[in-house]
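Here is a short report on pockets and nonpolar cores. Start with the structure itself.

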Amino acid sequence: MAKPFILFCLIFCLPAIPSLLLRSSFEQENKLHLQKQDKLSVDVQTALTFKNILWLDARSKNKYEKDHVPEALYVSFADWEASLAQIFERYSDDQVIIVYCNEECSTSKNIASQLRQELGNDRIYYLIGGFDAWQSR
Amino acid sequence: MRLLFTLSFYLLLTSLTQAELKWESKTVKKESKLSDKVLELVFKATNSSNKKLVVKSAKPSCDCMTVASKFPVELEPGEALEVKVNYDTEGKVGLNRGRVTVDADEKKETLLVEVTIPTAVTLTPRFLIWKKGERAEKLVTIKVHPDWQGSIDKAQVKSEKDAKEVAVSMTQEKDATLVKISPAQDLAKKRTWVIISGKDENGKTKEYRVYLIFN
């Protein structure tokens, strides 16, 4: 009774194992690539421990207008001068700046990196997991 | 023994008959030029099996990409496939990543796009902060991309009133333009900016601001 069952499992499950392993390792690598924790990133739990945060929303204007972190400013490389002008209005020395976008986008990381250079401030981060992570905190 | 034989035979049989795409590379990296509004990236694959394969779709992970190739596509054994992806560089700078998911015979493959987009003009830093009582001269470095056809012409404080309080000068060095900014007096709790102006590639006036904060 057990023999046909083992044979059945081997026939139908074994061929799928190599492709499943390859796929999951590629996806894992991809995810790590996009979400690798570095000095520029911060997770939502750590972000919530900061006292004075200036949130910057780097998603599309439509998504920002639908919903965003309270008091977050909309920023975009497409209109970088206007983005900087807005940041200047609200900027203070004791602030931590956190940029977010969607879960897997690179824009928040690029903006955080650019702002660190341009503001000469290393208390600027991008949020791991983006707006979704903030919503499900 | 009989089980082992059956298993080996089945594995051999499935490896011979399973339709599969063999990709030249699952990651394509490209650097755009300043003039590129859209960057084309191509993923190449071959049907490595001896069976016909149907590639149903290829879907990008963001609005910044569109797939130019038409799907579904039927591939004979050994036939090549090209997935052309257009990446919209508008409003983007630096390294940008995205994914394209290809659905072939119910098997989904994830392809990775890496695009590096240059900046035409870089001003560093954009915010200058003076501590209380500090009157030091501070520098802004302006670097332009070698392919950029615009110009940086002058730097001045936003108003005549502020020009009496903040001195601004601009000098051209070998690899960069330097703007020197220094307060002429103690300027506690003041905020203003320096306007750096020039022409863009189309001859239109372009302004950049460097923000000054006196604590």
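Helices and strands here are DSSP runs, numbered from the N terminus; a helix needs at least four residues and a strand at least two. By that count, chain A has 7 helices and 5 strands. The model is predicted.

**Chain A**

The elements of chain A run α-α-β-α-β-α-β-α-β-α-β-α from the N terminus on. Chain A has 137 residues, and 43% of them count as buried. Among its contacts with a separation of 6 or more, 67% join residues 24 or more positions apart. Chain A exposes about 7,700 Å², with 56% supplied by carbon and sulfur atoms.

**Pockets**

Rolling a probe the size of a water molecule over the atoms shows where empty space is left.

| Pocket | Volume | Lining | Nonpolar / polar / charged |
|---|---|---|---|
| Largest | about 940 Å³ | 31 residues | 12 / 7 / 12 |

Which residues lie nearest the centre of the largest pocket? They are Phe77(A), Ala78(A), Thr119(B), Ala120(B) and Lys206(B). Two or more lining residues come from each of helix 5 (80–90) and helix 6 (107–119) of chain A, and from each of strand 10 (121–124) and strand 17 (205–214) of chain B. Strand 10 of chain B gives the most, with 3 residues.

Helix 6 of chain A supplies at least two lining residues, as do strand 7 (80–88) and strand 8 (94–104) of chain B. Strand 8 of chain B has the largest share, 4 residues.

**Nonpolar cores**

In soluble globular proteins, nonpolar side chains tend to be buried together. The largest nonpolar core in this model has 27 residues. Those with the most contacts inside it are Leu56(A), Ile87(A), Ile97(A), Ile111(A), Leu115(A), Leu119(A) and Phe127(B). At least two core residues come from each of strand 2 (53–57), helix 5, strand 4 (96–100), helix 6 and strand 5 (124–127) of chain A. Strand 16 (190–199) and strand 17 of chain B each supply at least two as well.

What does Ile87(A) contact, leaving aside neighbours within four places in sequence? Its partners are Leu54(A), Leu56(A), Leu73(A), Val75(A), Ile97(A), Leu115(A), Leu119(A) and Phe127(B).

A second, separate core has 24 residues, including Leu39(B), Val85(B), Leu111(B) and Val115(B).

How values were computed. Residues numbered from 1 in each chain as written. Chains lettered and ligands numbered in written order. Predicted model: local features only at pLDDT ≥ 70, side-chain atom pairs only at ≥ 80, totals over all residues. Heavy atoms only, no water. Buried < 20%, exposed > 50% of the residue type's maximum accessible area, 1.4 Å probe, protein only. Contact = heavy atoms within 4.5 Å. Areas by Shrake-Rupley, 256 points an atom, 1.4 Å probe, with all protein chains shown as cover. 1 Å grid on protein atoms, 1.4 Å probe; cavity = no way out; pocket = protein on both sides within 12 Å on 5 of 7 lines; lining within 4 Å. Points joined across faces, edges and corners; volume = space filled by probe spheres on them. Nonpolar A, V, L, I, M, F, W, Y, C, P; charged D, E, K, R; others polar. Core = buried A, V, L, I, M, F, W, Y, C linked by side-chain atoms within 4.5 Å.
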